Amino acid sequence: MIENNELAMNIESRLSFEEFRKEVLNDYRLACDSREVSLLARKEVLTGKAKFGIFGDGKEVAQIAMSKYFQPGDYRSGYYRDQTVAFATGIATPEQFFSQLYADPDLKNDPFSGGRQMNAHFATSNIDKDGNWRNLTEMKNSAADIAPTAGQMPRALGLAYASKMFREVETLHQFKGLSDNGKEICFATIGDASTSEGHFWETMNAAGVLQVPLAVFVWDDGYGISVPRKYQTTKNSISAALEGFRKKEDTNGFDIYNVKGWDYAGMCEVFEAGIRKMRETHVPALFHVEEITQPQGHSTSGSHERYKSKERLSWEKEFDCNAKMRSWIIENALCEESALIEVEAAAKVKAQEARKAAWEKYIAPIKEDVQSFISLVTPVASVAGADTAMVNLAVRDLQHNREPLRRDVLKAAAIILLKHKHLKKDPAVQSLQQFYDQYLQAGKENYNTYLYATGVNSALNVPVVPAIYEEDGITVNGYEVLNKYFDQLITNNPKVFAFGEDVGKIGDVNQGFAGLQQKHGKDRIADTGIRELTIMGQGIGMALRGLRPIAEIQYLDYLLYGLQPLSDDVASLQYRTKGMTYCPIIVRTRGHRLEGIWHSGSPMGMIINSLRGMYVCVPRNMVQAAGMYNTLLQANEPALMIESLNGYRLKEKLPANLETYTVPLGIPEILQEGTDITLVTYGSMTRIVEEAMVTLNEMGVSCELIDVQTLLPFDINHSIVKSLEKTNRILFIDEDVPGGGTAYMFQQVMENQGGYRWLDVAPRTMSAQAHRPAYGSDGDYFSKPNTEDVVRVVMEMMEE
């Protein structure tokens with residue numbers, strides 16, 4: 001006779017088994033859905049409906065197993081084969097995947113990029129249009145994907161580091177919507193070939209040192225496009241190569257796990273235990289997922305049959321993760337094969353329905369636009385003097401185009417309007433012109449907006465608060481201005497963190513943070529290793545999660561090490577997510593005049609051309625820098641702050657409202673008015689020009705000196721051209737190479753502001769030499785513009 005408690009245990013066991021069986025079947029259903037999306041999406045590219053495709057087939061089961069432990073609040077920092085992760089976590093749907101594949105510019109259809117990013121580039125929003133941070137703890141979050149291989153790794157470090165700060169810094173516990181006591185994990189995914197990149201190694205080293213909850217999943221399919229793994233990785237295994245990084249009882253480092261990408265049960269077991277440990281301990285981990293396959297090859301641009309042997313292709317077919325999971329389900333009597341066949345058939349239908357729905361949403365508005373164009377252009381053909389044949393041909397071409405693009409409509413309208421300029425006053429032509437103008441503007445809205453933030457998130461909308469100086473105000477060194485400023489800032493804003501090489505214990509190499517680590521703690525003001533790339537990544541991830549990092553690059557010359565994530569990730573972020581995601585990092589560095597090839601950099605042309613989407617601030621002194629920091633911290637945009645290296649020991653009067661006064665960005669400051677010539681410069685060169693103006697004034701030359709203050713944005717109100725209207729002469733001066741920053745300023749004023757109309761003599765630029773600055777004081781004198789150079793060129797212009 002069965003006892004009551006034994007009966008209850010049997011019932012509970014049957015229920016548990018039934019729940020387990022249902023979960024397994026749902027996972028297999030998702031694997032089939034994702035596979036069919038990959039297969040169908042490839043066909044869409046090859047038939048011309050989509051431009052290019054790259055897919056996650058072969059990785060479905062591993063990504064499903066991983067996603068089972070991805071919780072609300074967690075972050076994904078992945079790569080472009082993570083479609084199954086996106087489906088499994090609810091970040092994306094198959095229909096949205098197809099919408100992005102078709103480059104649908106409607107954010108309702110492609111909610112990740114509005115048609116601006118290649119397929120499988122996912123993102124979630126972190127700040128709304130009103131400047132409010134979303135409740136990230138209730139969301140399954142994804143950093144906006146980028147295509148550069150391993151580019152996802154640096155920011156992954158910062159996303160995980162933020163959890164460490166949310167757990168360990170008590171003043172952050174109040175921000176419940178940003179973190180749940182730091183339990184969030186960053187799931188980083190990467191292909192095995194991309195682990196050869198320096199980004200991967202620097203990130204893994206930093207994670208091992210910092211001990212942050214970073215879970216790195218390496219999808220190992222044995223190839224980097226066509227190059228076998230043995231040519232990519234030492235010991236032919238990334239986990240073997242990283243063995244020295246393995247954490248032991250008395251060391252830092254990270255845990256290393258090895259699993260097979262076709263072993264559903266084994267992966268679930270390992271991932272569950274590893275992720276649970278990470279949430280509790282914050283010890284990072286590497287999950288090396290081996291024996292992954294890639295059934296359709298790297299992308300739609302080639303065939304993997306060209307470089308894989310018949311034996312390899314046969315093995316990949318046998319060890320396909322979906323096929324292996326199917327066999328495992330049948331072998332363990334979890335489901336009849338007939339039911340699995342139904343699941344597989346349903347997946348094909350589901351993918352077709354998603355494709356069809358996405359395509360209709362994409363093509364329907366374009367076809368409506370075609371009809372609108374035809375209805376407007378047809379009357380033009382009847383106008384006396386019109387080229388009827390040409391108009392009819394344009395109409396016929398569009399009518400026969402089954403997959404028209406917006407550009408096809410615009411091209412047709414543009415050429416007709418051009419050929420009928422002589423009829424521009426005719427009502428039919430005017431109606432077509434109006435359609436063209438509106439349609440072109442709509443296209444610009446779709447594709448040329450959101451490089452910078454708007455509304456309350458924009459730094460340009462921060463109220464201007466002038467500096468207040470008291471009569472008995474003290475005069476201090478420039479570095480002391482910053483030291484007092486940062487002290488007040490860290491005290492009053494719990495979200496601000498500063499870190500970089502030598503920033504902590506010694507207070508940075510120029511003492512801006514001197515004594516502040518001792519006062520505010522090692523978490524708020526921290527030293528880092530010499531790793532500029534991941535210092536930027538550390539700041540990027542923290543900023544994405546609602547903190548306000550000041551990430552330091554010790555000297556401007558070292559920015560090159562950290563430039564890639566700033567250019568590819570931060571600067572393009574608002575643009576490529578169509579204003580949906582923000583990263584308000586402040587990168588602090590110092591540059592301009594000093595001595596030596598790698599300590600006196602002013603590569604402004606490189607910076608302003610690679611960082612469109614960030615602000616570039618070039619203060620001439622530290623009071624001005626403090627005001628710019630205040631402005632930036634009231635907005636949600638990223639910026640690069642370049643402090644003048646030779647300004648830290650110059651005396652400045654301390655404002656009474658140091659913590660609250662703001663400097664407007666994009667607004668040049670007239671430091672001295674004049675009538676003979678306009679001198680435009682910034683940063684350390686301002687003082688050189690001021691010295692020259694003493695001599696020029698003695699020679700009877702009245703100079704108007706303008707400090708542009710920021711290069712991005714540059715003179716948004718066109719005040720420089722107003723000065724040129726008065727002086728009719730202009731000289732642009734900086735320390736960059738010829739054709740760098742001065743050429744940029746020249747173009748802005750001469751072309752954008754129409755400055756050429758007010759010139760009496762040829763405008764000039766004065767820059768440094770083409771080579772790096774030589775060492776020593778004489779090297780500086782001969783390498784960069786000096787006082788005598790400014791006097792000479794100004795006098796030459798006055799004598800023309």
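This is a predicted model: local features need pLDDT of at least 70, side-chain atom pairs count only at pLDDT 80 or more; totals for chains, interfaces and linings use all residues.

Residues are numbered from 1 along each chain as its sequence is written, and side-chain values use heavy atoms, with hydrogens and water left out.

The domain assignment, which is automatic or from a database, gives domain 1 (17-125 + 137-301 + 313-335), domain 2 (363-447), domain 3 (459-653) and domain 4 (669-799).

Take domains 1 and 3. 42 residues of domain 1 are in contact with 29 residues of domain 3, contact being heavy atoms within 4.5 Å. About 3100 Å² is buried between domain 1 and domain 3, 64% of it from carbon and sulfur atoms. That area is the accessible area (1.4 Å probe) that two parts lose on being put together, summed over both. On the domain 1 side, Arg-116, Tyr-161 and Glu-202 lose the most area to domain 3, together 19% of what that side buries.

How many salt bridges are there between domain 1 and domain 3? The count is 2, with a side-chain nitrogen of Lys or Arg within 4 Å of a carboxyl oxygen of Asp or Glu. Separately, Glu-184 forms a salt bridge with Arg-545, the closest N and O atoms being 2.9 Å apart.

Now the sheet. An open sheet of 5 strands runs β17-β19-β18-β21-β22, with mixed pairing. Strands are DSSP runs (E, at least two residues), numbered from the N terminus, and two of them pair if DSSP finds at least two bridges between them. β18 (residues 677-681) and β21 (residues 730-733) pair in the parallel sense over 3 bridges.

Conventions. Helices (H or I, at least four residues) and strands (E, at least two) are DSSP runs, numbered from the N terminus.
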